[in-house]
Amino acid sequence: MQVFGLLGNPVGHSLSPPMHEAAYDELGLDARYVTFEPEPDDAEAAVCGADALGIAGLNVTIPFKQDVLSVVDPDPMAERIGAVNTIDFSGTEPTGHNTDATGAMRALRDHDVPIDGARAVVVGAGGAGRAVSFGLADAGATVAIANRTESKATDLAEAVPDASGHGLADLESLVADADVLINATSVGMEEDATPVPAEALHGELAVMDAVYRPLETRLLEDAAAVGARTVDGAWMLLYQGVEAFELWTGRDAPVDEMNEALRSRL
Ligand code: ATR
(Lines give C-alpha, C1' and ligand atoms only; values in the text may rest on other atoms or scores of the structure.)
Protein backbone atom coordinates (compact mmCIF):
# COMPACT_ATOMS: atom_id res chain seq x y z
CA MET A 1 0.00 0.00 0.00
CA GLN A 2 1.20 3.51 -0.82
CA VAL A 3 0.84 6.24 1.80
CA PHE A 4 0.35 9.87 0.86
CA GLY A 5 -0.40 12.69 3.20
CA LEU A 6 -0.62 16.30 4.19
CA LEU A 7 1.87 18.07 6.43
CA GLY A 8 0.45 21.16 8.14
CA ASN A 9 -0.58 22.64 11.44
CA PRO A 10 -3.51 22.67 11.79
CA VAL A 11 -4.78 20.10 9.28
CA GLY A 12 -8.00 19.07 11.00
CA HIS A 13 -10.44 20.53 8.50
CA SER A 14 -8.49 19.59 5.38
CA LEU A 15 -10.49 18.45 2.36
CA SER A 16 -7.44 16.81 0.77
CA PRO A 17 -7.97 13.31 2.30
CA PRO A 18 -11.45 12.76 0.83
CA MET A 19 -10.42 14.37 -2.45
CA HIS A 20 -7.39 12.10 -2.94
CA GLU A 21 -9.05 8.97 -1.60
CA ALA A 22 -11.89 9.47 -4.10
CA ALA A 23 -9.23 9.25 -6.81
CA TYR A 24 -7.71 6.07 -5.32
CA ASP A 25 -11.17 4.49 -5.12
CA GLU A 26 -12.02 5.43 -8.69
CA LEU A 27 -8.78 4.01 -10.11
CA GLY A 28 -8.58 1.05 -7.72
CA LEU A 29 -5.23 2.16 -6.28
CA ASP A 30 -4.01 0.54 -3.08
CA ALA A 31 -3.26 3.86 -1.37
CA ARG A 32 -4.26 5.98 1.61
CA TYR A 33 -4.03 9.74 2.25
CA VAL A 34 -3.53 10.80 5.86
CA THR A 35 -2.85 14.05 7.71
CA PHE A 36 0.24 14.81 9.81
CA GLU A 37 0.44 17.71 12.24
CA PRO A 38 4.03 18.15 13.47
CA GLU A 39 5.01 20.87 15.91
CA PRO A 40 5.93 24.15 14.19
CA ASP A 41 9.70 23.51 14.50
CA ASP A 42 9.58 19.93 13.28
CA ALA A 43 8.81 20.26 9.56
CA GLU A 44 12.27 19.27 8.35
CA ALA A 45 12.43 16.28 10.69
CA ALA A 46 8.96 15.26 9.54
CA VAL A 47 9.99 15.24 5.86
CA CYS A 48 13.15 13.24 6.59
CA GLY A 49 11.10 10.82 8.68
CA ALA A 50 8.50 10.46 5.94
CA ASP A 51 11.29 9.67 3.47
CA ALA A 52 12.75 7.05 5.81
CA LEU A 53 9.33 5.48 6.35
CA GLY A 54 8.70 5.06 2.63
CA ILE A 55 5.86 7.55 2.39
CA ALA A 56 5.18 8.11 -1.32
CA GLY A 57 4.21 11.77 -1.35
CA LEU A 58 3.28 14.70 0.88
CA ASN A 59 1.34 17.85 0.35
CA VAL A 60 2.56 20.72 2.49
CA THR A 61 0.46 23.54 3.85
CA ILE A 62 0.63 26.41 6.35
CA PRO A 63 2.98 26.99 8.13
CA PHE A 64 5.52 24.63 6.51
CA LYS A 65 5.66 25.55 2.81
CA GLN A 66 8.91 27.49 3.17
CA ASP A 67 10.48 25.37 5.93
CA VAL A 68 10.63 22.21 3.85
CA LEU A 69 12.68 23.86 1.08
CA SER A 70 15.88 23.01 2.94
CA VAL A 71 15.23 19.25 2.86
CA VAL A 72 13.98 18.79 -0.70
CA ASP A 73 15.37 19.37 -4.17
CA PRO A 74 12.96 22.05 -5.43
CA ASP A 75 11.92 22.24 -9.08
CA PRO A 76 12.48 25.63 -10.76
CA MET A 77 8.93 26.87 -10.10
CA ALA A 78 9.00 25.97 -6.39
CA GLU A 79 12.43 27.56 -6.12
CA ARG A 80 11.26 30.84 -7.69
CA ILE A 81 8.08 30.96 -5.61
CA GLY A 82 10.09 30.10 -2.52
CA ALA A 83 7.48 27.59 -1.36
CA VAL A 84 6.73 23.89 -1.76
CA ASN A 85 3.24 22.41 -1.52
CA THR A 86 4.01 18.94 -2.91
CA ILE A 87 6.88 16.57 -2.13
CA ASP A 88 7.60 13.48 -4.22
CA PHE A 89 9.66 10.72 -2.59
CA SER A 90 9.93 8.42 -5.59
CA GLY A 91 13.47 9.46 -6.60
CA THR A 92 16.79 9.17 -4.82
CA GLU A 93 16.03 12.34 -2.88
CA PRO A 94 12.75 14.12 -2.12
CA THR A 95 11.76 16.68 -4.77
CA GLY A 96 9.70 19.80 -4.04
CA HIS A 97 7.01 21.20 -6.34
CA ASN A 98 4.39 23.93 -6.27
CA THR A 99 1.07 22.80 -7.67
CA ASP A 100 -0.64 25.91 -6.26
CA ALA A 101 0.81 27.73 -9.27
CA THR A 102 0.16 25.08 -11.93
CA GLY A 103 -3.20 24.18 -10.40
CA ALA A 104 -4.45 27.77 -10.47
CA MET A 105 -3.56 28.02 -14.16
CA ARG A 106 -5.31 24.73 -14.87
CA ALA A 107 -8.42 26.03 -13.04
CA LEU A 108 -8.46 29.04 -15.38
CA ARG A 109 -7.87 26.95 -18.50
CA ASP A 110 -10.62 24.54 -17.44
CA HIS A 111 -12.96 27.54 -17.53
CA ASP A 112 -11.72 28.66 -20.96
CA VAL A 113 -10.01 31.73 -19.55
CA PRO A 114 -7.19 32.73 -21.93
CA ILE A 115 -3.93 33.44 -20.06
CA ASP A 116 -1.31 33.91 -22.78
CA GLY A 117 -1.28 37.63 -23.57
CA ALA A 118 -3.87 38.45 -20.90
CA ARG A 119 -3.62 41.44 -18.59
CA ALA A 120 -4.00 39.99 -15.10
CA VAL A 121 -4.46 41.62 -11.71
CA VAL A 122 -3.51 39.62 -8.62
CA VAL A 123 -4.71 40.98 -5.29
CA GLY A 124 -2.41 39.76 -2.52
CA ALA A 125 1.32 39.14 -2.24
CA GLY A 126 1.40 36.36 0.37
CA GLY A 127 1.96 32.70 -0.39
CA ALA A 128 -1.05 32.35 -2.68
CA GLY A 129 -0.27 35.64 -4.43
CA ARG A 130 3.29 34.55 -5.12
CA ALA A 131 2.23 31.21 -6.59
CA VAL A 132 -0.50 32.71 -8.77
CA SER A 133 1.70 35.57 -9.99
CA PHE A 134 4.52 33.28 -11.14
CA GLY A 135 2.00 30.88 -12.67
CA LEU A 136 0.36 33.66 -14.68
CA ALA A 137 3.64 35.16 -15.84
CA ASP A 138 4.98 31.76 -16.95
CA ALA A 139 1.77 31.21 -18.90
CA GLY A 140 2.28 34.48 -20.79
CA ALA A 141 0.16 36.99 -18.87
CA THR A 142 1.23 40.49 -17.88
CA VAL A 143 0.73 40.65 -14.12
CA ALA A 144 -0.15 43.61 -11.92
CA ILE A 145 0.12 42.73 -8.22
CA ALA A 146 -1.81 44.86 -5.72
CA ASN A 147 -1.35 44.38 -2.01
CA ARG A 148 -2.40 46.12 1.22
CA THR A 149 1.28 46.30 2.17
CA GLU A 150 2.54 47.87 -1.04
CA SER A 151 6.21 47.03 -0.47
CA LYS A 152 5.40 43.29 -0.58
CA ALA A 153 3.78 43.78 -3.98
CA THR A 154 6.69 45.77 -5.39
CA ASP A 155 9.22 43.26 -4.01
CA LEU A 156 7.30 40.37 -5.59
CA ALA A 157 6.92 42.26 -8.87
CA GLU A 158 10.70 42.52 -9.13
CA ALA A 159 10.95 38.72 -9.13
CA VAL A 160 8.04 38.01 -11.49
CA PRO A 161 8.73 38.62 -15.21
CA ASP A 162 6.86 41.63 -16.69
CA ALA A 163 5.05 42.34 -13.42
CA SER A 164 4.25 45.61 -11.65
CA GLY A 165 3.60 46.15 -7.94
CA HIS A 166 0.93 48.42 -6.46
CA GLY A 167 -0.99 49.41 -3.37
CA LEU A 168 -4.72 48.73 -3.15
CA ALA A 169 -5.47 52.35 -4.13
CA ASP A 170 -4.50 51.48 -7.73
CA LEU A 171 -6.96 48.59 -7.94
CA GLU A 172 -9.80 50.38 -9.70
CA SER A 173 -7.66 51.65 -12.56
CA LEU A 174 -5.79 48.33 -12.87
CA VAL A 175 -8.99 46.30 -12.99
CA ALA A 176 -10.57 48.65 -15.55
CA ASP A 177 -7.91 47.55 -18.08
CA ALA A 178 -7.68 43.89 -17.00
CA ASP A 179 -8.89 40.64 -18.54
CA VAL A 180 -8.30 38.46 -15.47
CA LEU A 181 -8.63 39.27 -11.76
CA ILE A 182 -7.56 36.86 -9.01
CA ASN A 183 -8.14 37.34 -5.30
CA ALA A 184 -5.18 35.79 -3.48
CA THR A 185 -5.92 37.46 -0.13
CA SER A 186 -7.94 36.00 2.71
CA VAL A 187 -10.51 38.79 2.39
CA GLY A 188 -13.97 37.24 2.03
CA MET A 189 -13.11 34.07 3.97
CA GLU A 190 -16.07 33.38 6.23
CA GLU A 191 -17.04 37.05 6.00
CA ASP A 192 -19.13 39.24 3.74
CA ALA A 193 -16.26 41.39 2.50
CA THR A 194 -14.45 41.92 -0.80
CA PRO A 195 -10.92 43.04 -1.62
CA VAL A 196 -12.10 44.80 -4.81
CA PRO A 197 -14.83 47.48 -4.89
CA ALA A 198 -17.85 46.31 -6.91
CA GLU A 199 -17.68 49.49 -9.04
CA ALA A 200 -14.30 48.40 -10.39
CA LEU A 201 -15.65 45.17 -11.94
CA HIS A 202 -16.83 44.86 -15.54
CA GLY A 203 -18.29 42.26 -17.87
CA GLU A 204 -15.10 41.57 -19.83
CA LEU A 205 -13.35 40.16 -16.75
CA ALA A 206 -12.77 36.60 -15.65
CA VAL A 207 -12.62 36.62 -11.83
CA MET A 208 -11.15 33.78 -9.76
CA ASP A 209 -11.19 33.70 -5.96
CA ALA A 210 -8.73 31.67 -3.89
CA VAL A 211 -11.24 31.80 -1.02
CA TYR A 212 -13.51 28.73 -1.01
CA ARG A 213 -15.44 29.28 2.24
CA PRO A 214 -17.98 30.43 1.21
CA LEU A 215 -17.90 29.22 -2.38
CA GLU A 216 -19.87 32.25 -3.52
CA THR A 217 -17.85 35.08 -2.06
CA ARG A 218 -18.94 38.71 -2.16
CA LEU A 219 -16.34 39.27 -4.90
CA LEU A 220 -17.75 36.49 -7.09
CA GLU A 221 -21.33 37.67 -6.49
CA ASP A 222 -20.36 41.20 -7.51
CA ALA A 223 -18.52 39.84 -10.55
CA ALA A 224 -21.46 37.71 -11.67
CA ALA A 225 -23.77 40.71 -11.26
CA VAL A 226 -21.86 42.66 -13.93
CA GLY A 227 -21.66 39.67 -16.26
CA ALA A 228 -18.05 38.68 -15.54
CA ARG A 229 -17.02 35.03 -15.77
CA THR A 230 -16.39 33.55 -12.32
CA VAL A 231 -14.19 30.69 -11.09
CA ASP A 232 -14.65 29.79 -7.43
CA GLY A 233 -11.89 28.82 -5.02
CA ALA A 234 -12.77 25.13 -4.98
CA TRP A 235 -11.39 24.89 -8.53
CA MET A 236 -7.98 26.08 -7.34
CA LEU A 237 -8.09 23.64 -4.44
CA LEU A 238 -9.18 20.85 -6.76
CA TYR A 239 -6.51 21.39 -9.38
CA GLN A 240 -3.61 21.74 -6.96
CA GLY A 241 -4.69 18.28 -5.75
CA VAL A 242 -5.14 16.96 -9.29
CA GLU A 243 -1.66 18.15 -10.25
CA ALA A 244 -0.15 16.56 -7.13
CA PHE A 245 -1.95 13.27 -7.81
CA GLU A 246 -0.68 13.18 -11.40
CA LEU A 247 2.86 14.03 -10.34
CA TRP A 248 2.89 11.22 -7.76
CA THR A 249 1.14 8.51 -9.76
CA GLY A 250 1.98 9.39 -13.38
CA ARG A 251 -1.69 8.79 -14.21
CA ASP A 252 -4.46 11.11 -15.34
CA ALA A 253 -6.47 12.10 -12.29
CA PRO A 254 -10.19 11.27 -12.16
CA VAL A 255 -11.03 14.97 -11.95
CA ASP A 256 -14.83 14.61 -11.80
CA GLU A 257 -14.71 12.21 -8.85
CA MET A 258 -12.20 14.38 -6.98
CA ASN A 259 -14.36 17.44 -7.66
CA GLU A 260 -17.47 15.68 -6.39
CA ALA A 261 -15.70 14.55 -3.20
CA LEU A 262 -14.56 18.11 -2.58
CA ARG A 263 -17.77 19.96 -3.38
CA SER A 264 -19.99 17.59 -1.42
CA ARG A 265 -18.05 18.70 1.68
CA LEU A 266 -18.16 22.44 1.06
P1 ATR B 1 -1.58 33.03 1.98
O2 ATR B 1 -0.46 32.06 2.11
O3 ATR B 1 -2.94 32.40 2.07
O4 ATR B 1 -1.44 33.92 0.79
P5 ATR B 1 -0.52 35.09 3.68
O6 ATR B 1 0.83 34.78 3.17
O7 ATR B 1 -0.72 35.33 5.13
O8 ATR B 1 -1.52 33.93 3.30
O9 ATR B 1 -1.09 36.34 2.85
C10 ATR B 1 -2.33 36.92 3.11
C11 ATR B 1 -2.60 37.98 2.05
O12 ATR B 1 -3.89 38.56 2.30
C13 ATR B 1 -1.61 39.13 2.08
O14 ATR B 1 -1.46 39.62 0.76
C15 ATR B 1 -2.33 40.15 2.98
O16 ATR B 1 -1.93 41.48 2.80
P17 ATR B 1 -0.66 42.06 3.63
O18 ATR B 1 0.57 41.56 2.92
O19 ATR B 1 -0.78 43.55 3.56
O20 ATR B 1 -0.77 41.53 5.03
C21 ATR B 1 -3.73 39.96 2.50
N22 ATR B 1 -4.74 40.42 3.47
C23 ATR B 1 -5.10 39.82 4.62
N24 ATR B 1 -6.07 40.52 5.23
C25 ATR B 1 -6.34 41.61 4.44
C26 ATR B 1 -7.25 42.69 4.51
N27 ATR B 1 -8.11 42.82 5.54
N28 ATR B 1 -7.24 43.59 3.51
C29 ATR B 1 -6.40 43.47 2.46
N30 ATR B 1 -5.50 42.45 2.33
C31 ATR B 1 -5.48 41.53 3.31
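Predicted model: local features only at pLDDT ≥ 70, side-chain atom pairs only at ≥ 80, totals over all residues.

1. How many residues surround the ligand, and which are the closest? The shell holds 13 residues, and the closest are Ala128, Asn147, Arg148, Thr149 and Lys152. The ligand takes up the space of the largest pocket.

2. On the backbone side, a polar atom of Ala125 is 3.1 Å from an oxygen atom of the ligand. A backbone N or O atom of Gly127 also lies 3.1 Å from an oxygen atom of the ligand. From a side chain, an N or O atom of Arg148 is 2.9 Å from a ligand oxygen. Of the 640 Å² of accessible area that the ligand has on its own, the protein covers 64%.

3. On the overall fold, the chain contains 10 helices and 12 strands. Its C-alpha trace spans about 55 × 35 × 30 Å along the principal axes. The radius of gyration is 18 Å, which agrees with the value near 18 Å for a compact globule because the chain has 266 residues.

4. Some backbone features deserve a check by eye. As background, most peptide bonds are trans, and most residues other than glycine have a negative phi.

5. Where is Pro10? Pro10 lies in the loop between strand S1 (2-7) and helix H1 (16-27). The peptide bond that leads from Asn9 to Pro10 is cis, with omega near 10°.

6. A cis peptide bond also joins Ile62 and Pro63, where omega is about 5°. Pro63 is placed in the loop between strand S3 (57-60) and strand S4 (73-74).

7. Asp112 has a phi near 60°, a positive value in a residue other than glycine. Asp112 is found in the loop between helix H4 (99-110) and strand S7 (119-123).

Definitions and conventions:
Residues numbered from 1 in each chain as written. Heavy atoms only, no water. Near = heavy atom within 4 Å. Polar contact = N/O pair within 3.5 Å; in protein donor to acceptor, adjacent residues only side chain to side chain. Areas by Shrake-Rupley, 256 points an atom, 1.4 Å probe, with all protein chains shown as cover. 1 Å grid on protein atoms, 1.4 Å probe; cavity = no way out; pocket = protein on both sides within 12 Å on 5 of 7 lines; lining within 4 Å. Sits in = over half its atoms within 2 Å of the grid points. Helix = DSSP H or I, 4+ residues; strand = E, 2+ residues; numbered from the N terminus. Rg over C-alpha atoms; globule rule 2.2 N^0.38 Å.
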